Amino acid sequence: MFPERFSNLPPYAFPRLRALLDAHAPGGDVTHMSIGEPKHAFPAWVGDVLAAHVAEFAKYPPNDGTPELQAAITDWIDRRYGVRLDTAQVMPLNGTREGLYNAGMALCPESKGGQRPAVLMPNPFYQVYAISAASVAAEPVFVNATRETGHLPDYESLPTEILNRTALCYICSPANPQGAVADEAYWKRLIALAERHDFQILADECYSELYRDTPPPGALQVAQAMGADPERVVIFHSLSKRSNLPGLRSGFVAGGPETMKRIRLLRAYAGTPLPLPIQRVSEKVWADEEHVIENRALYRRKFDMADRIFGNVPGYAPPQAGFFLWLPVEDGEQATLKLWQETGVRVLPGAYLSRDTDQGNPGKGYIRVALVAPEAQTEKGLMAIRDCLYGP
C-alpha cells in the first residue's frame, strides 16, 4: 500500500536529538547551539518593504519570479562572481531546500549507460540530498569528508564504475557542518571530473557570504573560466544565512539554459512560487550589501572567539566559513548528553548528519555547534563546552 523508498531512513536529526536529551534535565541555563537558525538582526527596512506590498498577497505570484527579482539576482551573481547570466537562467526558490530536492526530479535521468544512476554526496551532508536521490530511485553514494580529505569529499577517488553512472553530484561549499571551503583548484578538479564522466554538479553555496577574510570562489565562476559545458554546474543560494532571514524562505537556483528550462517546467506543474510581497523584499535584500558586511563582521568575531577558546584542543580545525564548529570528541552522542546534563548546552551529535559507510561513519567522533546566538551567549556556551568536554 505504501512505497518502500523511504522505509530505511533514520529519524531526522532534531527528533533524534529530542529523543536523546529531553528525558534528562539540563544541568544549567539552556543554551541552544544545535540548530543553524541565524539570530543576528536582519535589515530594519525589511518590514517596511513587506508592509508596502502586503496587498500583493491578493495576487497569484509569477512562477519564475518578478522581472525585478530576476534582475536583482543576476546582478548579485555578476557583482559577486563576475558571471553575467540571462534572467532566464535564474529562478527564485522557497528556500534552497526546495531547489536542492527538486533538482533530482528535474535533472536526474531514469538510467545512465543502461544502469541505475548514482548521485554523489558528501558525508556528513544536508539530509535533503539523500531524499532527492531516493525520490528518483537513484543510488545515493556517500563519500566521507574527513580531516584527511580537508573535510571535503574526494570524488576523484571513486571507482570508474560508479563515476560512469553518476548523474548528479552534490557539493556544499562552504561546507555544512565543517566550514571547509572548496578552493579554485578543488572546483577545477571536480568540474573536470564531471566533464569526463558527464554528470552535473549541484553546488549548495548557501554559506558563501559568511567567511573570515577571503570570499570563497563559486562553482559557476570557475566553470565559466574553464570553458566548461554551461549545463555542467547548477548553483543554489539563500537569504537565510547571508541576510539572517531564515523565515523568509527565499533563495534561488541558477544554471544553464536547458537545465533551467527543465527546472522551470517542473515548478510550473508541481512547485509553489514565492508570494509577491516576499519577492519584493527579496529584490531589495539581494541588492544590498551593507547589512551582509555587518553580519560577516559579527561572525568573524565569533570565529576568533572559538579559536581562542579551542585553540589548544587536539584536532580542533578553525572553520574557514559558515557558522558551525565541528568539534572532535570520542563519541558524539555521549558528549552531547554529557553537555546537556552537566551544563544545559544543547548541541548536535555529528552522526545525526552522516551515514554509515564501509569506511565508517565520519560524524561519529564529532559534535556540531552553531555560532548563531548573541556574542555573549555564544562565548558562555563555548566556554562551557570546553570546560565540560576538554578541561579548562
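Biologist: How many helices and strands does the chain have?

Modeller: The chain has 14 helices and 12 strands. Both are DSSP runs, numbered from the N terminus: helices are H or I with at least four residues, strands are E with at least two. This is a predicted model, where local features need pLDDT of at least 70, side-chain atom pairs count only at pLDDT 80 or more, and totals for chains, interfaces and linings use all residues. Residues are numbered from 1 along each chain as its sequence is written, and side-chain values use heavy atoms, with hydrogens and water left out.

Biologist: What radius of gyration does the chain have, and what would a compact globule have?

Modeller: The chain has 21 Å, and a compact globule of 392 residues would have a value near 21 Å, so the two agree. The radius is taken over C-alpha atoms, and the globule rule is 2.2 Å times the number of residues to the power 0.38. The C-alpha atoms fill a box of roughly 55 × 55 × 50 Å along the principal axes.

Biologist: What share of the residues is buried?

Modeller: Buried residues make up 56% of the 392. Buried means under 20% relative accessible area, exposed over 50%, and partly exposed in between, with a 1.4 Å probe and protein chains only.

Biologist: OK, sheets. What is the strand order in the sheet of seven?

Modeller: The order is β2-β8-β7-β6-β5-β3-β4. The sheet is open and its pairing is mixed. Two strands pair if DSSP finds at least two bridges between them.

Biologist: Which strands stand at the edges?

Modeller: β2 (90–93) and β4 (139–144) do. Each has a single partner strand, so one side of each has no neighbour in the sheet. From one strand to the next, the twist averages 20°.

Biologist: Start with β4. How does β3 run relative to β4, parallel or antiparallel?

Modeller: Parallel, with six bridges joining β3 (residues 118–123) to β4. Ala 118 has Glu 139 in β4 as its bridge partner.

Biologist: Which strands does helix α4 lie across?

Modeller: Helix α4 (residues 96–107) lies across β2, β5 (166–172), β6 (200–204), β7 (233–238) and β8 (251–254). It runs at about 160° to β7. Axes are lines fitted to C-alpha atoms, for helices over the stretch in contact, and angles run from 0 to 180 degrees between N-to-C directions. Contact means heavy atoms within 4.5 Å. Helix α10 (residues 257–270) also packs on the sheet, touching β2, β6, β7 and β8. Its direction makes about 35° with that of β2.

Biologist: What about the sheet of three strands? What order?

Modeller: β9-β12-β11, an open sheet with antiparallel pairing. The edge strands β9 and β11 each pair on one side only. Five bridges join β9 (residues 324–328) to β12, and two bridges pair β11 (residues 348–349) with β12.

Biologist: Which residues stand opposite Ile 367?

Modeller: Leu 327 has Ile 367 as its bridge partner in β12. Pro 349 also stands opposite Ile 367.

Biologist: How many residues of β12 are buried?

Modeller: Five of its five, over residues 366–370. Tyr 366, Arg 368 and Ala 370 point one way, Ile 367 and Val 369 the other. Helix α13 (residues 332–343) lies across β11 and β12, at about 50° to β12.

Biologist: New topic. How many aromatic pairs are there?

Modeller: The structure holds 16. Rings of Phe, Tyr and Trp (its six-membered ring) pair if their centres lie within 6.5 Å; planes under 30 degrees apart count as stacked, over 60 as edge-to-face and the rest as tilted. Tyr 186 and Trp 187 have centres 6.5 Å apart and planes at 80°, so that pair is edge-to-face. Both residues are buried.

Biologist: Which distant parts of the chain does the pair of Phe 310 and Tyr 390 link?

Modeller: Phe 310 and Tyr 390 are edge-to-face, with 6.1 Å centre to centre and 85° between the planes. Phe 310 is in helix α12 (residues 290–310), and Tyr 390 is in the segment after α14 (375–389), 80 residues apart.

Biologist: Is Phe 310 buried or exposed? And what about Tyr 390?

Modeller: Phe 310 counts as buried, at 0% relative accessibility. Tyr 390 is partly exposed, at 27%.
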